[in-house]
Amino acid sequence: MKNIFLLSVFLVLLVGVLNSSTGNAQPGCEDEFKSLVDLCGKYVLKEGPKIRPSRRCCRLVREVDVNCICMSVTKEIEKLISMDKVFYVAASCHRQIPHMKKCGVIKIGG
C-alpha cells in the first residue's frame with residue numbers, strides 16, 4: 001500500500017514537471033505527450049521493476065508520433081525515466097522505435 005501511495009505521489013510530481021517542461025513541443029504534441037505520461041508513465045520510471053504495460057498504454061504507444069513525443073523530452077524528464085524501460089514498453093506493445101541518435105535531450109544511439 002505504501003508503494004502505491006509513493007508511486008501516486010511520484011506520478012503527480014512527474015505530471016507537474018511535464019506541465020512546466022514541454023516548451024519545445026509543437027501544438028498537439030503536448031497533449032499527446034501528457035496522454036502518454038498518464039497512461040504509461042508508471043511503466044518507464046527509473047524506480048521499481050519492469051512492469052508489463054496495460055492494453056490502454058500499448059494502444060497509445062502504437063499510435064503516438066515518436067518525433068512529436070521526443071520534442072517534449074527535457075533534462076527534468078530524462079532524470080525520471082529509464083530508457084531501458086522505454087524500450088521494454090515499446091517492445092511489449094509491438095512498437096518499433098525509429099533509428100535516431102537523440103530523443104529530446106536523451107542520447108539513444110551511437
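A: Happy to! In this predicted model, the largest nonpolar core has 22 residues, and F33, L36, C40, C57, V61, V73 and V89 touch the most other members. Two or more residues come from each of α2 (29-44), α3 (55-63) and α4. The biggest contribution, 6 residues, is from α2.

Q: Why is V73 called buried?
A: Buried means under 20% relative accessible area. V73 has 7%, which is under that cut-off, so V73 is buried. V73 sits in the loop between α4 (66-70) and α5 (75-78).

Q: What makes T74 count as buried or exposed?
A: The same cut-off of under 20% applies. T74 has a relative accessibility of 11%, so T74 counts as buried. T74 is also placed in the loop between α4 and α5.

Q: How do you know that the side chains of T74 and E76 are joined by a polar contact?
A: A polar contact needs a pair of N or O atoms within 3.5 Å. The contact between the side chains of T74 and E76 is 3.1 Å, therefore within the limit.

Q: Which residues does V73 contact, leaving aside neighbours within four places in sequence?
A: They are F33, C103, G104, V105 and I106. For V105, 32 residues away along the chain, the C-alpha atoms are 6.3 Å apart.

Q: Which residues does C40 touch, not counting those up to four places away in sequence?
A: C40 touches C57 and V61.

Q: Why would nonpolar side chains be found together?
A: In soluble globular proteins, they tend to be buried together.

Note on methods. Residues are numbered from 1 along each chain as its sequence is written. This is a predicted model: local features need pLDDT of at least 70, side-chain atom pairs count only at pLDDT 80 or more; totals for chains, interfaces and linings use all residues. Side-chain values use heavy atoms; hydrogens and water are left out. Helices (H or I, at least four residues) and strands (E, at least two) are DSSP runs, numbered from the N terminus. Buried means under 20% relative accessible area, exposed over 50%, partly exposed in between (1.4 Å probe, protein chains only). Contact means heavy atoms within 4.5 Å. A polar contact is a pair of N or O atoms within 3.5 Å; within protein, one must be able to donate a hydrogen and the other to accept it, and residues adjacent in sequence count only if both atoms are side-chain atoms. A nonpolar core is a set of buried Ala, Val, Leu, Ile, Met, Phe, Trp, Tyr and Cys residues joined through side-chain atoms within 4.5 Å.
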